[in-house]
Amino acid sequence: MQEFIIRRIIYTIFTIFAVATILFCIFRIMPGDPTAQVISPALDEAAQARLKEAFGLDKPVYIQYALYLKGLVTLEWGRSFTTSKPVFEILKYRFWNTVFLMGAAMGFTLLLGTALGMVMAWKRGGPLDVSATVSALVLQSAPPFVTGILFLMILSYKLDIFPTGGMSTPGERLPPGIAMLFNKDFLLHLILPAITTAFYYLATPMLIMRDSMLEVTGSDYIELAQAKGLSPGTVMIKHAARNALLPVFTVSSVLIGFALGGQVIVETVFSWPGMGLLMVEAASAHDYPVAQATFLLLAVLIIVLNLLADISYCYLDPRISVPGGKK
Amino acid sequence: MFNNQIGRREFLKITGGTIGASMLTGPGALFAAPAPGALVDPMKIMTATATMDPVRPEVARVCSEAFKKIGWDVAANPIDYNQNVQKVIMEHDYDMWFVMLSGASLRIDPNVFLYQVHHSSQFRKGGYNWEGFSDPKIDSLVEAQQKEMDVEKRQQIVNEAQVLCHEAQSNNVIAYMQMTSAYRSDRIKNVVPMLGEGTGSFWTDINMEVIKGDGYVKTARPSPLKKLNPVAAKDTTEFMELRMIYDTLFRIGPDGSPRPWAAESYKMVDPLTIDLAIRKNMKWHDGEPFTAEDVKFTFDYSIKWKAPFFNSILQKIDTVEVIGKHGVRIKLKETYAPLISNLLGGLFMLPKHIWKDIPEKMDVEDPLNFPNETPVGSGPFKFDYWDRGREIKVSAFTHHFNPPKCAGIIGTVYGSHDAVAAAIEKGECDRNRYILKPSLLLDLAKIKGVVAKGYPNHGFYTLTYNCLRAPLNDPQFRKAMAHVIPKELIIEAILSGLADVGGSVIAPANKFWHNPAVKSFPNDIVKARDILAKAGYTWDKKGKMHYPG
Amino acid sequence: MKFSILKDFFIGQYKIIRGNRFGMFGAVILLFFGIVALLAPYIAPHELWESLRDSNGKLAILRQPSLEFPMGTTAMGRDILSQMILATRTTVMIGLISGLVSIIIGANIGLLAGYYGGKLDEICMRFTDIIYGMPFLPFLIVLISLFGRNIWFVIIAICCIIWRTSARVIRAQVMSIRQRQYIQAAKARGCSDTRIIYGHIMPNILPLLLLYTAFNIAWSVLAEAGASFLGFSDPNNITWGGMLYNLWISGKIRTAWWWFASPSICIILLVSALVFISRAYEEVANPRLKQR
């Protein structure tokens with residue numbers, strides 16, 4: 001087991017390194033002046049030359065590559081072209097905004113998904129089962145900007161229940177750090193984007209829960225428990241659900257990884273100042289240092305989540321005890 | 001299958017067979033001479049993406065459709081705005097560029113649109129004459145207006161220059177769009193509209209009063225503010241924020257003429273020397289006194305670090321000296337008529353005690369890269385906080401000699417124009433700052449308690465031509481194209497009617513300098529064909545246009 | 001001979017879909033979009049970028065659906081029905097091309113890794129892991145902003161990423177098939193690896209391939225719509241996502257419901273049609289789901 005985990009961690013580091021390398025290459029082969037990736041073309045020539053030297057761009061590619069890797073590790077991610085702020089500073093603040101939104105959305109998806117999945121399996125074939133399956137699949141087919149705009153149209157503009165976007169009411173400054181999470185204004189702004197994300201990803205935990213419940217309820221020990229005369233509710237929750245949760249749990253971190261990539265849309269629709277919105281802004285402003293770092297940070301998050309999925313999978317599933325048993 | 005045409009020019013570029021040649025002579029020269037009688041090259045109209053401004057790709061599309069009708073293959077090519085700037089202003093590698101020259105207060109003086117846009121010396125990396133336009137007659141006229149210190153005489157020259165510039169059509173002014181903006185009249189009063197700035201003017205900022213609420217005016221903006229660096233500032237929206245915090249020696253008044261501000265009065269000693277009396281008892285926001293030394297420092301510093309927006313004018317300055325306790329003398333290398341309106345009315349005064357350490361003691365290579373987290377100025381508003389990407393707050397600086405009438409301004413970023421309109425409609429925000437999409441304005445105008453209007457503007461949307469590339473190097477061709485573009489349709493369909501048909505580069509709204517004799521060419525395809533036919537262009541059976549053969 | 005196999009195959013597919021209500025629904029929708037995409041240039045009543053005038057000569061800006069404009073018009077007075085029809089063509093094309101290309105990449109990587117195992121498997125799977133680490137939409141955005149807003153870059157970017165899931169699943173399936181007796185027998189007979197992979201193993205994973213082709217197409221459509229909505233798409237080729245982008249930036253989402261409805265409904269219909277069909281296949285591949 002330990003050996004397996006250590007190997008996964010090594011793989012993970014390798015993967016991050018590889019993604020960073022691919023990113024480096026993409027920014028090198030793009031059309032136009034490759035130095036434009038760290039030096040704003042808006043600067044005059046003398047300033048550009050000064051910066052070129054500072055970033056080592058007058059050196060051969062392999063040295064640039066080494067400098068690039070060194071910069072990544074030491075958190076020196078350069079300076080934004082558009083705002084002149086160090087990229088790390090910008091991301092520090094954006095990162096948590098995305099994490100909060102993501103946490104709320106995924107928490108909601110998983111809770112609702114497993115609960116619905118359970119009930120669906122219990123009343124399988126019933127109207128709830130069918131209608132929930134269909135609506136979850138349709139929600140999954142509806143891009144988040146469609147659901148998001150729909151929510152905005154109805155709940156914000158028509159009924160005026162929720163704010164139209166942003167993280168707080170104009171003029172109301174949010175308290176810094178954790179205290180922000182308990183701010184009413186913040187929570188009100190959080191609801192719509194969180195639900196939009198949650199709905200999009202609802203189908204996966206729900207259907208997995210349903211299917212694995214069906215699998216579990218078919219097994220011997222559940223029948224045994226039923227034979228012992230336990231009430232169906234007790235059997236459902238105490239025995240079946242606990243075992244069925246396992247695959248949902250493992251899939252959830254992969255799901256969050258996917259959702260992180262899709263976050264760009266929700267954040268754009270609700271102008272939520274997270275990493276996704278930053279990514280879009282940076283890409284359309286050709287603010288390469290920011291785009292590069294944001295991309296990489298998202299990638300690292302996803303890769304780490306995948307690692308967690310692997311580890312939890314091997315801890316939780318007793319059937320896999322062989323190292324690397326997933327094969 | 002998809003709309004993907006690659007023209008000859010594109011093909012040449014992709015195949016890169018001519019890299020060597022283009023490096024020697026620049027991309028303009030590479031395509032200079034077409035074969036006689038050959039098909040007129042397909043071209044592209046570069047412009048910004050709809051994300052930045054929904055109007056631009058649409059106009060580019062309408063123009064290209066119009067060009068197609070006359071037998072010339074043109075496609076719209078909307079790409080990210082800063083790629084536009086890079087390709088056009090820096091590399092001069094483009095065919096046509098559709099762009100907005102915004103009517104900031106600094107551009108009321110005709111110098112920018114005449115000299116900087118048309119003078120052949122301004123065809124350089126970063127210059128405004130990216131068209132590569134060059135005409136000796138126009139050159140001498142626009143030089144003359146710059147040097148002429150007598151206003152009446154200068155007006156004459158400006159009028160003459162406008163006629164020639166319009167005839168030459170290096171720029172096809174499509175429309176003067178109005179400054180469309182909205183505010184809640186039930187929450188604020190005393191807004192002061194200004195030419196080219198609408199209600200977003202500086203004079204609104206300091207004169208408006210709050211009827212309801214805590215005295216703070218909530219201003220909505222569709223996209224986040226990028227930086228607050230007074231030395232590096234280049235775009236209009238940055239200037240709008242900076243000028244609240246930083247003072248200038250003069251301010252351009254609501255009527256377009258400069259009025260003394262941080263400089264109490266001035267005296268032209270001779271055409272090359274100007275003496276300024278700096279206002280007494282001014283203070284920086286941190287309590288330090290504002291002195292003539294600061295003024296001198298600002299000039300020296302901006303010259304040294306090449307403040308991008310003012311660099312070309314700063315180069316005309318010979319020396320700046322402190323005279324006495326409150327006097328500053330500026331000596332010029334040559335006479336320069338727009339000195340006050342274009343430089344002294346725009347250059348932000350920097351506190352020496354802060355900026356003398358930049359960049360040396362700060363962690364930046366260049367003051368242009370300095371993030372300026374907590375700006376300290378001397379302006380009527382004091383910086384409070386800036387949550388990047390979300391909100392900026394400034395409060396009244398009561399010590400100022402002209403303190404604002406409101407308690408302060410909170411600027412909030414809404415993701416889109418639509419969200420801005422919704423916020424004003426709901427009363428969540430009191431006003432918007434810059435242009436609000438015209439089509440939204442018409443909806444807002446119907447709401448009670450909201451004033452939504454278009455205000456006169458001297459800025460314009462213009463289609464600029466790369467005058468070094470055939471067929472655009474032919475003035476007759478450019479003139480014919482001016483007859484092809486359906487400007488009325490563009491204004492009706494894309495600008496919701498809130499614009500006027502474009503003609504001269506000096507807009508009619510700029511009453512003093514505009515030459516009413518310059519009229520837009522009519523939209524007349526027959527006339528256009530006529531001009532082209534006279535210039536020798538022919539059409540084949542498919543209706544495609546060919547070069548004179 | 002060959003033909004009859006093909007015929008049996010299609011009859012088999014038909015039965016699978018026929019036997020499932022939702023699968024049937026999906027197939028009908030797909031067929032509909034397919035026909036519209038094929039005939040698009042012939043059935044679109046107006047040109048894509050034409051600003052239309054009504055019978056009174058006024059520009060038809062933001063008209064609600066009516067007899068004259070069945071799906072209404074845009075803020076520029078363009079006919080939404082025509083845009084929808086032409087957008088269907090582009091969207092379906094993008095979906096088909098990237099769906100097919102990505103399944104070909106994914107299937108081959110899965111087949112090779114699963115069949116050969118060992119070093120090759122290790123390399124392929126590590127590579128897949130790397131691709132799994134890429135955030136999909138950000139990758140699309142970066143690539144398009146760097147290389148230009150061209151439809152082919154959109155397709156390439158989608159193909160670069162989307163094969164990853166199919167590769168993993170197919171590999172797992174191949175590994176279990178590899179152990180079966182007839183494969184071992186074929187090996188013993190001296191069949192070449194290529195023959196075993198494509199002649200013996202591939203037919204066995206065909207339902208899985210179809211399932212993932214459907215998925216890949218669905219994901220491509222969604223990804224393209226997402227990128228278009230954010231403004232990272234070819235401005236000269238309209239897609240449903242692009243129409244919604246035009247709506248979003250026109251700032252009319254509060255009023256122009258008709259402009260929002262048509263492309264949204266079509267995206268949902270097309271993607272859910274694909275999802276329903278793949279669900280029908282899933283029940284074949286995993287019969288337990290159905291039995292209960």
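Modeller: In this predicted model, 40 residues of chain A are in contact with 35 residues of chain C, two residues being in contact if their C-beta atoms, placed from the backbone, lie within 7 Å. At least two residues of this side of chain A come from each of α1 (2–29), α5 (127–141), α6 (144–158), α8 (203–217), α10 (232–269), α11 (275–284) and α12 (288–316) of chain A; helices (H or I, at least four residues) and strands (E, at least two) are DSSP runs, numbered from the N terminus. The largest share, 7 residues, is that of α12(A). By class, the side of chain A that touches chain C has 29 nonpolar, 9 polar and 2 charged residues. Here Ala, Val, Leu, Ile, Met, Phe, Trp, Tyr, Cys and Pro count as nonpolar, Asp, Glu, Lys and Arg as charged, and the others, Gly among them, as polar.

Of the 292 residues in chain C, 53% are buried, that is, 20 or more other C-beta atoms lie within 10 Å of their own, with C-beta atoms placed from the backbone. Among contacts in chain C between residues at least 6 apart in sequence, 70% join residues at least 24 apart.

Chain A also meets chain B: 25 residues of chain A are in contact with 31 residues of chain B. Helix α2 (residues 45–54) of chain A gives the most to that side, with 4 residues. By class, the side of chain A that touches chain B has 10 nonpolar, 11 polar and 4 charged residues.

Chain B itself comprises 18 helices and 23 strands, and 56% of its 549 residues are buried. The mean pLDDT of chain B, the predictor's confidence in each residue from 0 to 100, is 88, and 94% of its residues reach 70 or more. Over residues 11–30 of chain B, however, pLDDT stays under 50. Where pLDDT is low, the predicted coordinates should not be read in detail.

As to conventions, residues are numbered from 1 along each chain as its sequence is written, while chains are lettered from A and ligands numbered from 1 in the order in which they are written. Because this is a predicted model, local features need pLDDT of at least 70 and side-chain atom pairs count only at pLDDT 80 or more, whereas totals for chains, interfaces and linings use all residues.

Definitions and conventions
Buried ≥ 20, exposed ≤ 12 C-beta atoms within 10 Å, placed from the backbone.
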